[in-house]
Amino acid sequence: MNQQCGTSPIVGFRFTLSPMTSEFIPVIKGALKETDLSNVWRHTDDVSTVIRGRAEHVFDVAKAVLSHATRTGAHVSMSGTFSAGCPGDTAGDNLLDVSSEPVNGRAAAQYVSSQFALYPLGDDDYMDIIYEEVDFAKARGVFNDTMHYASGIHGDIEPVFAFYEATFNRVREKTSHVVMTVTFSVNSPSHEGRVDA
């Protein structure tokens, strides 16, 4: 049964960017400065950053921030939570009345390894929905591995983010409250210089 949790079109993403370098402050601030944030509402505190707005802009900004942060070649991790339809969400602190065209463009080619967990809240058939999206990842060629409490997704940054945006929107069409946690890893020594999938 699809419980109606919320009807707001707002999508949010709260994330923590973790550059594995002593110069982490300029990496984080530089990534945010280099990203066009004009189509999202943003707030940064001492733990994390939250962006809110239309789905296409939230995913566009998330991808751009990660891409800019990894240009130094340092190992960078980004962990965060995408959410839509939360019953406690408010209409404030958002930018919805903007063009639907993302403003940050394509990211430079970059191998990304990631793990995600999907939560279609309030839906009795949630496991079927999750399995469908794992199959969707396999069909898109970005599925990496099955593991406890998550599924692995990897490849170039563009198809990886295209998958996450598509799967999030697909689940939103089926249930009104969706949460998706994702952790990205870029430039890890364990990637051994990989630039694509």
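A: **Strand β8 and its surroundings**

Strand β5 (residues 111–121) and β8 run antiparallel and are joined by ten bridges. This is a predicted model: local features need pLDDT of at least 70, side-chain atom pairs count only at pLDDT 80 or more, and totals for chains, interfaces and linings use all residues. Residues are numbered from 1 along each chain as its sequence is written, and side-chain values use heavy atoms, with hydrogens and water left out. Strands (E, at least two residues) and helices (H or I, at least four) are DSSP runs, numbered from the N terminus. Two strands pair if DSSP finds at least two bridges between them.

β8 covers residues 177–186, and eight of its ten residues are buried (under 20% relative accessible area, with exposed over 50% and partly exposed in between; 1.4 Å probe, protein chains only).

Now step back to the sheet. It is open, has eight strands and pairs in the antiparallel sense, in the order β2-β3-β1-β4-β8-β5-β7-β6. Its edge strands are β2 and β6 (143–147), each of which pairs on one side only. Neighbouring strands are turned by 20 degrees against each other on average, direction ignored. Helix α1 packs on this sheet and touches β1, β2 and β3. Its direction makes about 150 degrees with that of β1. Helix α3 packs on the sheet too, touching β5, β6 and β7 (150–156), and its direction makes about 160 degrees with that of β5. Touching, or contact, means heavy atoms within 4.5 Å. Angles run from 0 to 180 degrees between N-to-C directions, and axes are lines fitted to C-alpha atoms, for helices over the stretch in contact.

In α1, the buried residues are Val27, Gly30, Ala31 and Leu32. They pack against β1 (11–19), β2 (41–44), β3 (49–53) and α2.

How do the helices meet? Helix α1 (residues 24–34) packs with helix α2 (residues 55–69) at about 135 degrees, their axes 8 Å apart. That makes α1 oblique to α2. Under 35 degrees counts as roughly parallel, over 145 as roughly antiparallel, 65 to 115 as roughly perpendicular, and the rest as oblique. α1 passes α2 in a right-handed crossing. Right-handed means that the near helix is turned clockwise from the far one by less than a right angle; anticlockwise is left-handed. Val27, Ala31, Leu32 and Glu34 of α1 meet Val65, His68 and Ala69 of α2. These contact residues divide into five nonpolar, one polar and one charged. Nonpolar covers Ala, Val, Leu, Ile, Met, Phe, Trp, Tyr, Cys and Pro; charged covers Asp, Glu, Lys and Arg; the others, Gly among them, are polar.

α2 also meets helix α4 (residues 157–172): the axes come within 11 Å and cross at roughly 150 degrees. That makes α2 roughly antiparallel to α4. This crossing, too, is right-handed. Helix α3 (residues 126–140) packs with α4 at about 150 degrees, axes 11 Å apart. These two helices are therefore roughly antiparallel to each other. Their crossing is right-handed. Their contact includes Phe136 and Ala137 of α3, and Phe163 and Ala166 of α4. It holds seven nonpolar, one polar and four charged residues.
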